[in-house]
Amino acid sequence: MVYGKSSKQKKIQKLMISLGCVILSAVVMAVNIKSFVRAGDLFPGGFTGLTVLIQRICQEYFHFEISYTLVNVILNAVPAVIGYKTIGKKFTFYSLLMVVLSGIFVDIFPNISITSDRLLVSVFGGIINGFAISIALHGKASSGGTDFIAVYLSNKFNGSSWGTVFVLNAVMLTVAGLLFGWEAALYSIIFQFVSTNIINYVHKEYSKVTLNVFTSQPNVLIKPLMKFTHHAVTRFEGVGCYSGKPKTMLYVVVGKDEVKEIVQFIRQYDDKAFINILKSDGLDGRFYHEPME
């Protein structure tokens, strides 16, 4: 969230952040594929992994090379249509841009040999892959494919759904194990497990926290706070036992990634407010998500 700027400035800033995140994420993912993934003969999961699997099948069983970009774009066509209809136009556009750019970078970047140790490749490759996807998500984009499913389910059920994607990837890796041996598939599961946990750790949008704001200026704070957060606020009246003066507690649930900016915003209206920040393990009911148009 940004305040103190015009609507046009906010849109330009969001556009630049999204494009920057998409380009950076595409570069990081491509480098990871041409170094750790290829070095360990891994299948990174999602449609990226499915693309690598199809390339391997063409090489091993039909003896010809096929473009990474071509396969990845074709595979993402149907999920892109679903994402366009259920998630948002801009999100789908940025995700498709991410798919195309990462594919081009994979096709033009040279192979990079860092280590041949498959365990190291699985762990560090998974870490880098998780960060690459997290960067894309920060820019309101994704790496396409199963990420569309994860984002859709996360928005629908107000919680992270990357574990569901991990299960879908496990099915794909089972096929890879049957075709190319279980060692590569098992190491790929380690890769995907690490990647999924990095995303859950870094990307906080679907983690919720509860703010209990104790203030003596509720009438000044309530309306600006609701407008700033796009969330409803519940008001409780009480008395401070130490001061004996009336106190108001404002109860609001927000995304974990919003907390720092919201606290700074509250301080503009009441620099003496006492704010208790609590982790919310579950949430059932309507909750505002910034639209991915």
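Two strands count as paired if DSSP finds at least two bridges between them. Strands (E, at least two residues) and helices (H or I, at least four) are DSSP runs, numbered from the N terminus. This is a predicted model: local features need pLDDT of at least 70, side-chain atom pairs count only at pLDDT 80 or more, and totals for chains, interfaces and linings use all residues. Residues are numbered from 1 along each chain as its sequence is written, and side-chain values use heavy atoms, with hydrogens and water left out.

The sheet, then. Six bridges join β2 to β3 (residues 246-255), and the two run antiparallel. Val-239 sits opposite Pro-246 in β3. The whole sheet is open, with four strands in the order β2-β3-β1-β4 and antiparallel pairing. β2 (234-239) and β4 (274-280) are the edges; each has a single partner strand, so one side of each lacks a neighbour in the sheet.

Now the cores. A nonpolar core is a set of buried Ala, Val, Leu, Ile, Met, Phe, Trp, Tyr and Cys residues joined through side-chain atoms within 4.5 Å. Buried means under 20% relative accessible area, with a 1.4 Å probe and protein chains only.

The largest core has 33 residues; Val-22, Met-29, Ile-33, Phe-43 and Leu-53 have the most contacts inside it. α1 gives the most to this core, seven residues. A second, separate core has 18 residues, including Ile-222 and Val-254.

What does Met-29 touch, beyond residues up to four places away in sequence? Its contacts (heavy atoms within 4.5 Å) include Thr-48, Met-98 and Ile-133.

Technical notes: Buried means under 20% relative accessible area, exposed over 50%, partly exposed in between (1.4 Å probe, protein chains only).
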